[in-house]
Amino acid sequence: MGVFPRLPIPGQAGSPLCGPPRPGARRVPLAPGVRGGRAGRVRGSGDALAFPSQVANEITPVLTYSYMAVLVPVFLLTDFLRYKPVLVLQSASHVAVWLLLCFGASTLAMQFMEFFYGVTMAARVAYSSYIFSLVSPARYQRMAGYSRSSVLLGVFASSVLGQLCVTAGRVPFATLNRVSLGFMGFGLLLALFLKRPKRSLFFNRREAAAAGPELERMNPDQAAAGGASALGRMLAQLGDVARVPQLRLWSLWWVFNFVGYYLVIYYVHILWSEVNPDKVYNGGVDAAATLLGAAAAFAAGFVRLRWAVWSELVIGSVTVLQAGLILLMYSTGDIWLCYAALVLFRGLQQFLVPIATFQIASSLTKELCALVFGVNTFLATVLKTIVTIIVADKRGLGLPVRSQFRIYFGYFTVLAVAYFSGAVYVALKHCRQSRLQRVPLANELRSPAEGSEKAQSPDDDGVRGVQA
């Protein structure tokens, strides 16, 4: 992540690739998916100038395609290479992103920038995996809190600092990008000196077992087995996961809702430039969304519901609210309403993320849990790529950004109808079954926070496969 997030940068004065400002021309972020966008008008082919349609239909889709292309190789190499090389790759890709933001001005340069940013997004799995590889299972929950807090604190601090520099200090955007490039270079230097773990989840298991008994206590059978055989067994267990109703429901939510969520996040900055190109408060919006998301995620840990009964209704309610916020985003002409809608949209998503994580992770071993989340992320990426090709790419429909948001509104509306239909079915089924037997409440009344404590205690580390 950059130090100064999502702040559009005017085209460099005197650059041969940037024409003189034309009266009424809008400056649009050429890298809306990146924290530290570059704005301006870029010459593509001939004398044609790039406007929001080129950004939405030619540049931003590259982010989705690159993420799709490198996700699986990075996921496998992260474990095989034991994290550190992928962390170095992520840091080097971040440096490449900001080099292109600072010195690139052509459409091709911005497309390469989106490619490298896709690599950094795919490599994020190495960060979280690396943190947990260094500590004992008893400390997983605490380390999860530390790592998540550090990320949120970094996003919030960079958002506030960047916004203050722009609005109060009148610091040029080019200066902010160069400062961010310096931080990215420092991050790359730190990555080179990180300790390389001796064990990983799927490969390198025999080496870890010889190194110490800790992994054997976690799962003695898999510690002695080869990585390939362990991975094969877990792939076979995915069929069992798909037959568990709650695991299936929350995995489907993870796939379908994150597709719409990230498409909205990728393109909302282009929408803002159409609603009001003169106001640049992206950093403040990011800070507010981060705070609300952190509060929502924290509050989700204390929600007490019978999830076997109410999951579909909760998901449907949140999804229909998100659909309404998308409708507000593309229909309003007030930039502040558009900002507020995005903040609430992200907060609602972050409210369900820890609940989904708990519902999926509490019934799986840590190795199988990593595989399930990896598969969910891959399927979401495939679907997101398909939607991008059809809706946004110039080789598909190539819709303008407002028309794209109409499609996303319809997408979330269809999801909400499906979830509410599922809620009705579950309610009828529950009423029918309640006449015959009483539904056990012990597990359903647990909050995600309570469940995660139990799931991550040393005594429960040896659980294998899918628990009924």
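What percentage of the 468 residues in the chain do buried residues make up? In this predicted model, buried residues account for 50% of the 468 residues in the chain.

**The chain as a whole**

The secondary structure of the chain comprises 18 helices and two strands. Where contacts in the chain link residues at least 6 apart in sequence, 82% of them join residues at least 24 apart. The chain exposes about 20800 Å², and carbon and sulfur atoms supply 67% of that area.

**Helix α13**

Helix α13, which covers residues 282-300, has 19 residues and reaches 26 Å from its first C-alpha to its last, a span close to the 27 Å expected at 1.5 Å a residue. The buried residues of α13 include Asn 282, Gly 283, Val 285, Asp 286 and Ala 287, and Ala 289, Thr 290, Gly 293, Ala 296 and Ala 300 are also among them.

**Leu 342 in helix α15**

Leu 342 belongs to helix α15, which runs over residues 335-361, and this leucine counts as buried because its relative accessibility is 3%. Leaving aside residues up to four places away in sequence, Leu 342 touches Val 264, Ile 265, Val 268, Trp 272, Val 285 and Met 329; of these, Val 285 is one of the buried residues of α13. Leu 342 and Leu 325 stand 17 residues apart in sequence, with 7.3 Å between their C-alpha atoms.

**Thr 319 in helix α14**

Thr 319 is part of helix α14, residues 307-331, and it counts as buried because its relative accessibility is 0%. Which residue's side chain makes a polar contact with the side chain of Thr 319? The partner is Asn 257, at 3.3 Å.

**Cysteines and accessibility**

The structure holds zero disulfides.

| Residue | Relative accessibility | Class |
|---|---|---|
| Thr 319 | 0% | buried |
| Leu 342 | 3% | buried |

How values were computed. Residues numbered from 1 in each chain as written. Predicted model: local features only at pLDDT ≥ 70, side-chain atom pairs only at ≥ 80, totals over all residues. Heavy atoms only, no water. Helix = DSSP H or I, 4+ residues; strand = E, 2+ residues; numbered from the N terminus. Buried < 20%, exposed > 50% of the residue type's maximum accessible area, 1.4 Å probe, protein only. Polar contact = N/O pair within 3.5 Å; in protein donor to acceptor, adjacent residues only side chain to side chain. Contact = heavy atoms within 4.5 Å. Areas by Shrake-Rupley, 256 points an atom, 1.4 Å probe, with all protein chains shown as cover. Expected span 1.5 Å × (residues − 1). Disulfide = S-S within 2.5 Å.
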